[in-house]
Amino acid sequence: MKSAAAYFFLTIFFVSNLTAIEAQNSFVRGEELFMQNRPQEALGYLQAAATEDPANVQTFLYLGIAYLQLNRVDDAIETYTTILPRGGLESARIAFNLGNAHFVRGDVQTARRYFSRAIDINPAFASAYINRANTFIRTGDLSDALSDYQTYLSLVPTSPQREQITRMIRFIQEEFAAEEQRRFMEAEAARAEAERRRLLLQEVSDSIQSAVEGTRGLSVGVEGVQGFDSEFELE
């Protein structure tokens, strides 16, 4: 009886180890092909590794990116959404990749939500700031975009994109200045129009007053020369 139980547990142990080895082999080969920028070939191995070892978060990260490279955006979103609750130390990166997938799909608001989640998990996640800034640009929230671009540069002062981002910051600041100038000019135009209308009303009012006074003068003159040559009769 003991021999049978020992055999059973040895069998389970052997099968489990075999599965782990197969998963590791699939992952290693999939990772190798992925790093060689061969997503289509890597895909099968990564899918197998994800099935054989669902706890390997790195597999899902590679798998999601491979889906994105193959323009299978919905599959990438499903992959990242599945692994995010158990992402552990990779949770910020998974949320970031989910944001990228939704951005590719054109869902800017959802993309922003996941970029924000990545930042909440890891406030030093520089790439999440720049990508969230790009979502703010899409929706015209320039003040928030400016803040994120500036935060990114403070985190990565030697970024290869520094010149482009600095130019974008300058454009936003110029837009703020132009908007302020437009508001000032509109206010000045509004004040000028209000003054023009006030003067026009005053001019018309003065004209009416002159007409009233002219009528009053004529009336007085007429009354001064008017006589009555009829007689009143009493019954």
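User: Which residue forms a salt bridge with R112?

Analyst: This is a predicted model, in which local features need pLDDT of at least 70, side-chain atom pairs count only at pLDDT 80 or more, and totals for chains, interfaces and linings use all residues. Residues are numbered from 1 along each chain as its sequence is written, and side-chain values use heavy atoms, with hydrogens and water left out. A salt bridge here is a side-chain nitrogen of Lys or Arg within 4 Å of a carboxyl oxygen of Asp or Glu. With its closest N and O atoms 3.8 Å apart, the partner of R112 is D141.

User: How many residues apart are R112 and D141?

Analyst: The salt bridge between R112 and D141 links distant parts of the chain. R112 lies in helix α6 (residues 108-121), and D141 in the loop between α7 (126-139) and α8 (142-155); helices are DSSP runs of H or I with at least four residues, numbered from the N terminus. The two positions are apart by 29 residues.

User: Is R112 buried or exposed?

Analyst: Buried means under 20% relative accessible area, exposed over 50%, and partly exposed in between, with a 1.4 Å probe and protein chains only. The relative accessibility of R112 is 12%, so R112 counts as buried.

User: Which residues are joined into one network with E179?

Analyst: R182 and E179 meet through their side chains in a salt bridge of 2.5 Å, N to O. Because they are three residues apart in helix α9 (residues 162-225), about one helical turn separates R182 and E179. Salt bridges that share partners join E179 into one network with E175 and R182.

User: What is the distance between the closest N and O atoms of D75 and R72?

Analyst: Side chains of opposite charge can pair when their charged atoms come close. D75 is partly exposed at a relative accessible area of 25%, and R72 is partly exposed at 33%. In their salt bridge, the closest N and O atoms are apart by 2.8 Å.

User: What is the phi of N37?

Analyst: N37 is placed in the loop between α1 (2-35) and α2. The residue is exposed, with a relative accessible area of 56%. Although N37 is not a glycine, its phi is positive, at about 60°.

User: Where is N71 found?

Analyst: N71 is a residue other than glycine with a positive phi near 65°. N71 is exposed, its relative accessible area being 61%. Its place is the loop between α3 (57-69) and α4 (73-83).
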